[in-house]
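Please open the structure in the viewer and keep the selection panel at hand.

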Amino acid sequence: MKRIALAALALLVVSMASAQTLTVWVWDINKPALESTIGSFVEMHPGVEVVVEDLGNQNVYDRGLAGCAAGGLDLPDVYLVENNEAQVFWAQFPDCFTDLRTLGGEELLPLFPDFKWAELTEGEQIFAVPYDSGPTAIFYRRDLYEAAGVDPAEIATWDDFAEAGTAMNEAFDGTVKMGTISKGGDDEWFRMLANQADCFYFDEEGTEITVNQPGCVQAMETMKMLWDASVLHPGGWVEQIQFIQNDAAASAFFGSWYSGTIIAEAPDQTGQWGVYLTPAQTEGGVRASNLGGSALAIPASSDNPELAYDFVVNALADEENQLRILFDYGLTPSLLSLQGDPALETGVEFFGDQPIWDLILGTLGDVPAVSGTQFFQEARNVMIVVVNDYLDGRFDSAQEALDQAARQIASSTGLPIAE
Amino acid sequence: MSQARPARPARRRRTDLTPYWFLLPFFAFFAIFWIYPIAYSFVLSFLNTRSRPWTLEWGFNWGRLVRDEFFWNALGNTMTILVVQVPIMLAFATLLAVAFGSDLLRFKGFFRFAFFAPLVLGAVPYSAVFRLIFNDQFGILNYALTSIGLPSVPWLFENVPAMVTIMIAMTWRWTGYNAVILLSGLQSIPLTLYEAAKIDGAGPLQQFFGITLPLLRPVLLFCFVLSTIGTLQLFTEPWLITTTGPGNATETLVTYLYKTGFRSFNFGYASAIAYTVAIIAAAFSLIQIRLVGGREVQR
């Protein structure tokens, strides 16, 4: 009898707890970042417990897809998704996530830039709220630039960057290069440069293939120019870190989130780093683009969608929380109201007390919108190959390379090639 | 007939069924986890699964397979490894097995262990170490090459060197394993044959080609079939060492299958690729058994 009573009590406690517990699935640095917002959330909803679980990037994606494929089993209340991969979920499992409009999500639309929403909405439906962005910039080593006599303030275009690279090669006999390009492993450089030139694999609606349009051709030519000038090391993610740690890379071109990686991997280089804006592809051209970024979604299977929504809004649309996430964890907020915020003018010690966030966030409004579409991976797999073949000189021109890429993407996605 | 003697056949039938009841759990598992996926992926290969909703289009995936340059590239890469790396590895393994069996070799146990050890190592650390060895700038291999006056090679960033890297890594990992299998075959060859050959005046080379190699044929065939199937399923090395690059220079059938299925979620096309891999593996095994093993069976 006693045992039954105990069991009943336990059951009661468990069911009470589960009614007031929110689980959040994230990866890496997002765990402490989101945990830092729990305090202010619990003030609004006393008694609610929030559990943030770090499953690792790939695992969040894999388990999310498995859960959706199983009709919404074993999913958390709040789910972190990468922007580029988001549309795979909306397309393959349109019923797996809550349309945030049903929770009042339209109030969030004006708070974030359009390029972030492009991949998070389907028609009228809103499936996720923008979290961090990846506005690109050049991270550079002050000491190495100085030793080579390169002034970052004078690098306004990629031609200037190549010229500085030649000076770098001469100063260090070729052992120190201006940067690292993932040759044949990923096409990040292409995506960053193409985004800068307002071009992408697909058009903004994700209905046509635009990878052979002029902006993308320009991106390819810029890349080839840099590669042929031998100012870049070839190398993947791991190699780039090795180059940085061994003083063999004088700069890195990536999304703003890479600042956290540099700080973590080369802590002894404090004060030696700095940031300048992405060089333009033509004189006076755009000096902004974006790579990566993520968003928070609410699975339709959540028992507490309203609570989950409040958690998301408090974490992502609250200026105080977003500023802390930026300064403590290096994740760039997408929140537009933070642009021009006086707090951003605070210098960052690792970057020689330069107020880098003011500089980087200032570019957010200039980033052209793209749509990763549900075919992002197909197109990426094609472009990794075509970029590599083009850099190796197996195509006569960038246009020829991209025309072939467009045909291959068309054959694997079934989308038409834009005229 | 059954009316005449109803009892006995019924009882016999019951006893005949008993073992199957005991086996039922296995058959149930087998049906759910083997038969069903095999059958379902066959069905999937006829569906257009590029996006929802999935639709039945008989020739959609199979037609794409014929025209898909990326698939042919993956097939070509896999065949290159099969034709180049497998024979080289098995030749090494045969020589190693002879050395392991030779009376001239001391510390046999140590050497056998040393050459088998790569297999015990986890695939991920092994791949990470190879990535370091073949590192463009800081790798020990390029350091060694330049220190003797040879040019350094961009192992991981150009097409042919990347393929060579994969082959070297695979040979390092699997030669010892095959050598141990071959050694067991070697030990089953009666020593009297060698004694007789010696009395007849045959030298070591003649003994090797006249006795060792012909009698090793069934074991060699076994190694060939295993290596062929292993190569057709090759995933670890290109995925972790070269990330199937540069571009798709080291893409194999199975890395392409994985990308199609679990990155692009095109399960129909992935199923068609999977069936192709299985058919090729079966065909190769049959050919090899016919070519090498057939005579053995007839004898």
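Domain bounds in this tour come from an automatic or database domain assignment. By that assignment, chain B is divided into domain 1 (7–56) and domain 2 (64–298). This is a predicted model, in which local features need pLDDT of at least 70 and side-chain atom pairs count only at pLDDT 80 or more, while totals for chains, interfaces and linings use all residues. Residues are numbered from 1 along each chain as its sequence is written, and chains are lettered from A and ligands numbered from 1 in the order in which they are written.

**First stop: the two domains of chain B**

Select domain 1 and domain 2 of chain B; their C-alpha centres lie 36 Å apart. Across the boundary, 8 residues of domain 1 of chain B are in contact with 7 residues of domain 2 of chain B. Two residues are in contact if their C-beta atoms, placed from the backbone, lie within 7 Å.

Next, colour helix H1 (7–44) and strand S1 (47–48) of chain B, each of which supplies at least two residues of the domain 1 side that touches domain 2. Helices (H or I, at least four residues) and strands (E, at least two) are DSSP runs, numbered from the N terminus. H1(B) gives the most to this side, with 3 residues.

**Second stop: chain A against chain B**

Now display both chains: the contact takes 24 residues from chain A and 21 residues from chain B. On chain A, select helix H5 (83–92), helix H11 (237–245), helix H16 (376–391) and helix H17 (398–413), each supplying at least two residues of the side that touches chain B. H16(A) gives the most to that side, with 7 residues.
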